[in-house]
Amino acid sequence: MSRRLPIIHSVTEHEAGPYRMELLDLEFSNGERRRYERLHGRNRAAGPGAVIVVPMLDADTVLLVREYAAGMHRYELGLVKGRIDAGEDAIEAANRELKEEAGYGARSLTVLRSLTLAPTYMSHQAHLVLARDLYPERLPGDEPEELEVVPFKLDDLHQLILREDFSEGRSIAALFIAREWLRNGEPTPPEAGAGGESPP
């Protein structure tokens, strides 16, 4: 079912810590009027979103990093990730973050898709990048301590997702997507009229 997007009558902005909060005055196609809040990154000049990187040491071994997670006040396993800086694209940002956080560069980087965090109220997107053909190279990063790099077999993903210290939704989704892509190859976009709409 295709619906017309709500009409935006006005947008009011204010700062909210590291974000910009927008208050949207919306009118839906049925005439209902509502106000919605939406979060953006504060710096408009910054790059478009972030990257989350799946670095493959070999055909079945992914490199995870263990770092301090202030929100949970514990150390968490997860994937290499970070924001895209101004002037970078997703591939450049992924390779830089990989060198900063894991001490590897990649000769082959492929953007698989983008992931949202909380699309009902945040505009944030993270571009999922598969990194292969790795080689050792380290760049200085902004972490307060060197991150521990933990190799993990994709075949053991069913065990990893049950660990208490591996809880971030983006990392879980990214590993499943990357595993399916590696096993089955690049998916074919659905045809128009075949149970979905054509991709934009």
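Biologist: In which strand is Asp 25 found?

Modeller: Asp 25 belongs to strand E2 (residues 19–27), strands being DSSP runs of E with at least two residues, numbered from the N terminus. This is a predicted model in which local features need pLDDT of at least 70, side-chain atom pairs count only at pLDDT 80 or more, and totals for chains, interfaces and linings use all residues. Residues are numbered from 1 along each chain as its sequence is written, and side-chain values use heavy atoms, with hydrogens and water left out.

Biologist: Why is Asp 25 called buried?

Modeller: Buried means under 20% relative accessible area, exposed over 50%, and partly exposed in between (1.4 Å probe, protein chains only). Asp 25 has 13%, so Asp 25 is buried.

Biologist: What makes the pair Asp 25 and Arg 33 a polar contact?

Modeller: A polar contact is a pair of N or O atoms within 3.5 Å; within protein, one must be able to donate a hydrogen and the other to accept it, and residues adjacent in sequence count only if both atoms are side-chain atoms. The side chains of Asp 25 and Arg 33 are joined at 2.9 Å, so the distance meets that limit.

Biologist: Which residues is Ile 8 in contact with, leaving aside neighbours within four places in sequence?

Modeller: Ile 8 is in contact (heavy atoms within 4.5 Å) with Asp 25 and Leu 26. The C-alpha atoms of Ile 8 and Leu 26 are separated by 4.8 Å.

Definitions and conventions. Helix = DSSP H or I, 4+ residues; strand = E, 2+ residues; numbered from the N terminus.
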